[in-house]
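Notebook open, pencil ready. Here is what I looked up, one entry at a time.

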Amino acid sequence: MTTMLQELTVGAELPPLALPPISRTTLALFAGASNDHNPIHIDSDVAHSAGLDDVFAHGMLSMAYLARFVTSTARQWDLRSYRVRFAAITPLHGRPTCTGRVAAIEERGGERQADLDLTVTLADGTVTLRGTATVALHNDQGDLP
Amino acid sequence: MIDPTDLIGRQLPSFTAIAERGQLRFFADVLGETDPVYTDLAHAREAGYPDLLIPPTFLFSLELTRPNPHGVLGELGVDMRQVLHGEQSFRYHSLAFAGEELVLTPSYSDYYEKKGGALRFLVRRTAITREGEPVAELENVLVIRELELTT
């Protein structure tokens, strides 16, 4: 599974990763696990005081799910860079799906690298996050950077 | 309150952070991560790692342990409820593991406004090193929006 990326060509789609609906429990646990204690994600009273209907998910929760998606395809030691733009809020009960596509394969700095275009989309079609990961393709066995 | 452009170039004090095994397991569990290099010490060692592997975005969680993490918002007169995460990036130089002493050095690198100041953007960069060697660089774009707040 982890060498799957080696076999992909430009334009290939990665198998999507569908995630469970975002629950209040997930947000509370992620707040603790990720050190992000901003109450706007876990306390609906605070969300209401800011004029919002309810709490919403941490952007970094989606970015972490998307990283799980990337490292299920490429080995983490091959990950060179990873960047995202948060395009929309993920509401409570939203159902995110991670998708990815090989956008480019290029020789850079003495190694072959693949750029993956990444997206997190909700069931209603809203794109919540767009990003790119650059992954080295040449490290076949165990050589840690 | 300070002029936000005065923040550009401000370096924050370096600080040390250590990822704990228990928290890494907790983080993996919340995300549904099943790769045992993130949760099972014996498996991580079998894979050739000194300890549990820190997953790609957990470095941001370590950065959140900086002293007085929201101090700058206070200086700007911004309430935390107004803040959204706009962008986040990581450049990786080497893997990092549970128990390692990582040194993080954040600085504010840019500030700009859009929509006539209705959206304000604050950019923070953080270098992470271990024994002087680069581990990663993070860049964070915070978005500050206008909100009608009731106490």
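Predicted model: local features only at pLDDT ≥ 70, side-chain atom pairs only at ≥ 80, totals over all residues.

Entry 1: The cut-offs I used: buried is 20 or more other C-beta atoms within 10 Å of a residue's own, exposed is 12 or fewer, and partly exposed is in between, with C-beta atoms placed from the backbone. B:Pro36 is found in the loop between α1 and α2 (41-46) of chain B. I also checked B:Pro36 against B:Leu53, 17 residues along the chain, and their C-alpha atoms are separated by 9.3 Å.

**Entry 2: ground rules.** Residues are numbered from 1 along each chain as its sequence is written, and chains are lettered from A and ligands numbered from 1 in the order in which they are written.

**Entry 3: chain A overall.** I counted 3 helices and 5 strands in chain A. Helices (H or I, at least four residues) and strands (E, at least two) are DSSP runs, numbered from the N terminus. Reading from the N terminus, I get β-α-α-α-β-β-β-β for chain A. The C-alpha trace of chain A spans about 55 × 30 × 25 Å along its principal axes. Of the 145 residues in chain A, 37% are buried.

**Entry 4: the sheet.** How many strands form the open sheet? I find 10 strands, in the order β1(A)-β3(A)-β4(A)-β5(A)-β2(A)-β2(B)-β5(B)-β4(B)-β3(B)-β1(B), with antiparallel pairing. Two strands pair if DSSP finds at least two bridges between them. At the edges stand β1 (17-18) of chain A and β1 (15-17) of chain B; each has a single partner strand, so one side of each is left without a neighbour in the sheet. I then saw that α3(A) packs on the sheet, touching β1, β2, β3 (97-108), β4 and β5 of chain A together with β2 of chain B.

**Entry 5: strand β5 of chain A.** The hairpin of β4(A) and β5(A) has 5 residues between the strands, and in it A:Gly125 takes a positive phi near 95°.

**Entry 6: where the chains meet.** How many residues does each chain bring to the contact? Chain B gives 34 residues and chain A gives 34 residues; residues are in contact if their C-beta atoms, placed from the backbone, lie within 7 Å. On the chain B side, α1 (21-31), α3 (58-63) and β2 (83-92) each supply at least two residues. The largest share, 8 residues, comes from β2(B). By class I get 15 nonpolar, 13 polar and 6 charged residues on that side of chain B. (Ala, Val, Leu, Ile, Met, Phe, Trp, Tyr, Cys and Pro count as nonpolar, Asp, Glu, Lys and Arg as charged, and the others, Gly among them, as polar.) Strand β2 of chain A (residues 79-86) is joined to β2(B) by 5 bridges, and the two run antiparallel. One pair I looked up there is A:Val84 with B:Gln88.

**Entry 7: helix α1 of chain B.** Which residues of α1(B) are buried? I listed B:Leu24, B:Phe27, B:Ala28, B:Val30 and B:Leu31. Seen down the axis of α1(B), the buried residues fall within an arc of 160°, so they line one face of the helix; the arc is that of the directions from the helix axis to the C-beta atoms. These buried residues pack against α1 (24-34) and α3 (59-71) of chain A, together with α3 of chain B. After α1(B) comes B:Gly32, whose phi is positive, near 75°.

Terms used:
Contact = placed C-beta atoms within 7 Å. Axes fitted to C-alpha atoms, helices over the stretch in contact; angles between N-to-C directions.
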